[in-house]
Amino acid sequence: MSDHATTLPDGAETSLPATATSRRKRQRLETLRAIVLGAGFPILLILVWDRAVAMTGTRLIPSPYQVAVMMYDFTFGGIYDDAFSGTILIHIWKSMQRVYGGFLLAALIGVPLGLLLGRIKLLRQLLDPTISLLRPIPVTAWLPLSMIFFGLGPNAAIFLVFLGAFYPILLNTMFGVRSIDPKLFEAASMLGCSGANMFRQIVLPASLPAIVSGLRIAHGFAWILIVVGEMTGVPTGLGSVVMDGRTLSRTDLVITGMIVIGACGFVTDRIIVAVSNRLLSWSAQHRE
């Protein structure tokens, strides 16, 4: 018998180290495949974009090379030497303050309120019609009122981000609570669990996957709405860069701002996924 073989109770043999090695190889190949596919499609889009600009001869849409030059100047400066040269970190920092100011405020209000609405029928009957009435109103419709309420500046941007992030958090939390098996509550009651303990030991853990899903969706909306939020007269921020690029007819600057917003949203979303995978390691369907 080989040194690597192990005899099973029924007499069968298996090579455990070989099996572990094979599994690791498959995991590495799967990771490599995911990276190639994930990176390959954007590269294909860039090639199509470059060829389309070259074939049409348009001057309205910049080529990928022109955008890359603008991205370099926006990051390091030294090419155009204008108001945007080397300012990327300032704009990212200001936008992140507004994105996460609105997002965290939405989470602090939306999660507790969603838990209460999902669990307390009287409160749900009281507030649900109003929430259902306000929810379809586009965030852009609130833009004039936000500037009246908060004036020109970052507070209006934070308010608009808050509105966009609030409803996904609230509704997913409510759904998570209302999806809990009633038998869990019955079993907890038989064990003497009630009131605040019921929320802490049953409601919150059982609804956590839905809450995390709502937070991730809301996080995406928060980055989507930063451009709208920074239409409220703020001088810095990635949304402000996009709007300034539109005003100055600098399409390369507009696309650069869009790419940076997408990159920031992507990186922070991956962080949320990593945290949620660890937090919900017991829930296989929520792992990525």
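So, is D50 buried or partly exposed? D50 comes out at 29% relative accessibility, so D50 is partly exposed; buried means under 20% relative accessible area, exposed means over 50%, and partly exposed is in between, with a 1.4 Å probe and protein chains only.

Before I go on, a word on the model. It's a predicted one, where local features need pLDDT of at least 70, side-chain atom pairs count only at pLDDT 80 or more, and totals for chains, interfaces and linings use all residues. Residues are numbered from 1 along each chain as its sequence is written, and side-chain values use heavy atoms, with hydrogens and water left out.

Okay, the overall picture. We've got eleven helices and two strands, taken as DSSP runs numbered from the N terminus, with helices being H or I of at least four residues and strands E of at least two. Starting at the N terminus, the order is β-β-α-α-α-α-α-α-α-α-α-α-α. Of the 288 residues in the protein, 37% are buried.

Back to D50 and its partner. D50 makes a salt bridge with R51, with 3.4 Å between the closest N and O atoms. A salt bridge here is a side-chain nitrogen of Lys or Arg within 4 Å of a carboxyl oxygen of Asp or Glu. Why do such pairs turn up? Side chains of opposite charge can pair when their charged atoms come close. R51 is partly exposed too, at 47%.

The structure holds six salt bridges. Another one joins E30 and R33, at 3.6 Å from N to O. Both of those sit in helix α1, residues 16-56, three residues apart, which is about one turn of the helix. Then there's R270 with D269, at 3.2 Å. Here D269 is buried, with a relative accessible area of 14%, while R270 is partly exposed at 36%.

Last stop, the largest pocket, with a volume of about 250 Å³. On a 1 Å grid over the protein atoms alone, a pocket is an open set of points where a 1.4 Å probe fits, with protein on both sides within 12 Å along at least five of seven lines; lining residues have an atom within 4 Å of a point. The volume is the space filled by probe spheres set on the points, which are joined across faces, edges and corners.

Who lines it? Helices α3, α8 and α11 each supply at least two lining residues, and α11 gives the largest share, six. Among the lining residues are Y100, F103, L208 and T268.
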